[in-house]
Amino acid sequence: MRKNTKSQAVAIPLAGQQKILITFFTLLLFSLTALAQKSTVRTDAGDVKVRKIVENLDHPWGMAFLPDGRLLVTERAGTVRILKDSTLSEPLSGTPEVFAQGQGGMLDVALHPNFNENQYVYLSFAEPGNNGTASTALGRGKLEGNSIKDFETIFRMEPKVEGPNHFGGRILFTEGNDIFLTLAERFKFEPAQDLSSHLGTVVRLEDDGTASEENPTFNDANALAEIWSYGHRNIESAAIHPQTGALWVAEMGPMGGDELQTAEAGNNYGWPVVSWGDNYDGTEIPRPTTRPEFADAVIHWTPTISPSGMIFYDGDLFPEWKNSMMIGGLTSAGIVRVDVNGDNAEEVERIPLTTRVRDVEQGRDGSIWVLTDEDNGKILQLKPLK
């Protein structure tokens with residue numbers, strides 16, 4: 001016989017209420033203290049010092065080092081700043097208007113490989129459209145002082161749709177100065193299988209935003225010329241392997257099922273037909289192994305790590321991490337280190353940072369730089385503890 005579990009009001013004396021409140025706030029304080037970022041963390045590379053460079057950023061999203069050592073940093077609310085030493089500039093002028101709702105806003109930043117000659121800075125951002133719609137866009141302008149001059153939008157994801165979720169947005173340059181721009185399906189599901197749309201794709205572009213000649217040809221007369229691969233969900237984590245030139249992406253799954261894979265020309269990665277996760281309402285999605293025509297993940301994560309930001313580490317400060325993939329984790333609160341061997345990959349370590357990591361970058365001295373995804377966003381630097 002099932003017991004009656006209906007709650008009943010119980011009168012608690014005032015002194016008891018005070019004790020409960022004291023206990024509650026003590027536990028709350030202990031919890032907040034426990035979650036505070038420690039100044040050192042233990043890793044496979046030994047003890048690592050975590051230094052806070054600066055704070056008070058509004059959900060920083062992307063970063064790129066300038067040749068002189070300064071750091072360009074984007075804030076999702078729509079601004080770009082320059083960090084010099086431990087001081088942030090005022091927002092740069094000349095940046096585009098953004099759709100700053102939900103996951104949308106100012107996204108990634110990258111320098112043209114010939115930046116010293118042309119001064120081009122590239123920005124990805126959620127671009128507003130008519131009637132509350134938006135899509136991911138890519139633009140460029142020349143960095144002059146505290147301004148981005150002559151900014152122009154050179155690529156627009158089509159179509160623009162309603163909703164505040166899933167914009168992708170990572171910018172990567174190839175050795176030949178082509179651009180990989182990771183996109184997302186804007187939480188619209190089925191369009192990720194439609195080659196007449198950019199939703200759910202990775203696009204490959206010339207540096208002026210036109211379709212790259214390296215893109216595959218699809219057996220679909222309506223396929224858009226910019227598409228490199230499709231069937232993706234939401235890619236905020238991508239890097240090019242420095243030896244092989246392969247594009248690796250980590251994309252966010254639904255309820256479970258984050259995926260790491262190489263994004264290869266012409267491949268269909270199956271979303272939303274298959275997934276290693278399930279829908280948020282609990283309904284199951286067929287697994288990729290049931291549909292061999294779709295490209296499968298090399299690693300999949302359940303529970304999710306919510307990958308955002310990725311590099312291949314090639315510095316000398318951390319010899320143990322040499323050639324490892326370093327993936328920022330939002331829900332996993334830290335960096336996920338992955339060893340890559342050819343087409344295979346294996347998670348080998350998690351570097352705990354007790355905060356949502358939005359982006360990861362390598363400093364010129366081999367240190368690791370991290371952006372935290374918070375209202376009071378921070379820039380952290382990781383170095384060996386000496």
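**Figure 1. Aromatic pairs of the predicted model.** The structure holds 13 aromatic pairs, a pair being two rings of Phe, Tyr or Trp (its six-membered ring) with centres within 6.5 Å; planes under 30 degrees apart count as stacked, over 60 as edge-to-face and the rest as tilted. The ring centres of Y122 and F173 are 5.1 Å apart and the planes stand at 80°, so this pair is edge-to-face. Because Y122 belongs to strand β8 and F173 to strand β12 (residues 171–173), the contact ties together parts that are 51 residues apart in sequence. Strands (E, at least two residues) are DSSP runs, numbered from the N terminus. Y122 counts as buried at 0% relative accessibility, and F173 counts as buried at 17%; buried means under 20% relative accessible area, exposed over 50% and partly exposed in between (1.4 Å probe, protein chains only).

**Figure 2. The F180 and W228 pair.** With ring centres 5.2 Å apart and planes at 70°, F180 and W228 form an edge-to-face pair. F180 lies in strand β13 (residues 179–182) and W228 in strand β15 (residues 227–230), so parts 48 residues apart in sequence are tied together. Both residues are buried, F180 at 3% relative accessibility and W228 at 11%.

**Figure 3. Strand β8 and its partners.** Eight of the nine residues of β8 (residues 120–128) are buried. Strands pair if DSSP finds at least two bridges between them. β8 pairs with β7 (residues 106–111) in the antiparallel sense over four bridges, and M106 has F125 as its bridge partner in β8. Nine bridges join β8 to the antiparallel strand β9 (residues 133–144), where R140 is the bridge partner of Y122. Four residues separate β8 and β9 in a hairpin, and N131 in the turn has a positive phi of about 55°.

**Figure 4. Charges over the ring of Y120.** The charged end of R140 sits over the Y120 ring, 4.2 Å from its centre. K142 lies over the face of Y120 at 5.6 Å from the ring centre. The criterion is NZ of Lys or CZ of Arg within 6 Å of the ring centre and within 35 degrees of the ring normal.

**Figure 5. An aromatic cluster.** F187, F189, W271 and Y280 form one aromatic cluster.

**Notes.** Residues are numbered from 1 along each chain as its sequence is written, and side-chain values use heavy atoms, with hydrogens and water left out. In this predicted model, local features need pLDDT of at least 70 and side-chain atom pairs count only at pLDDT 80 or more, whereas totals for chains, interfaces and linings use all residues.
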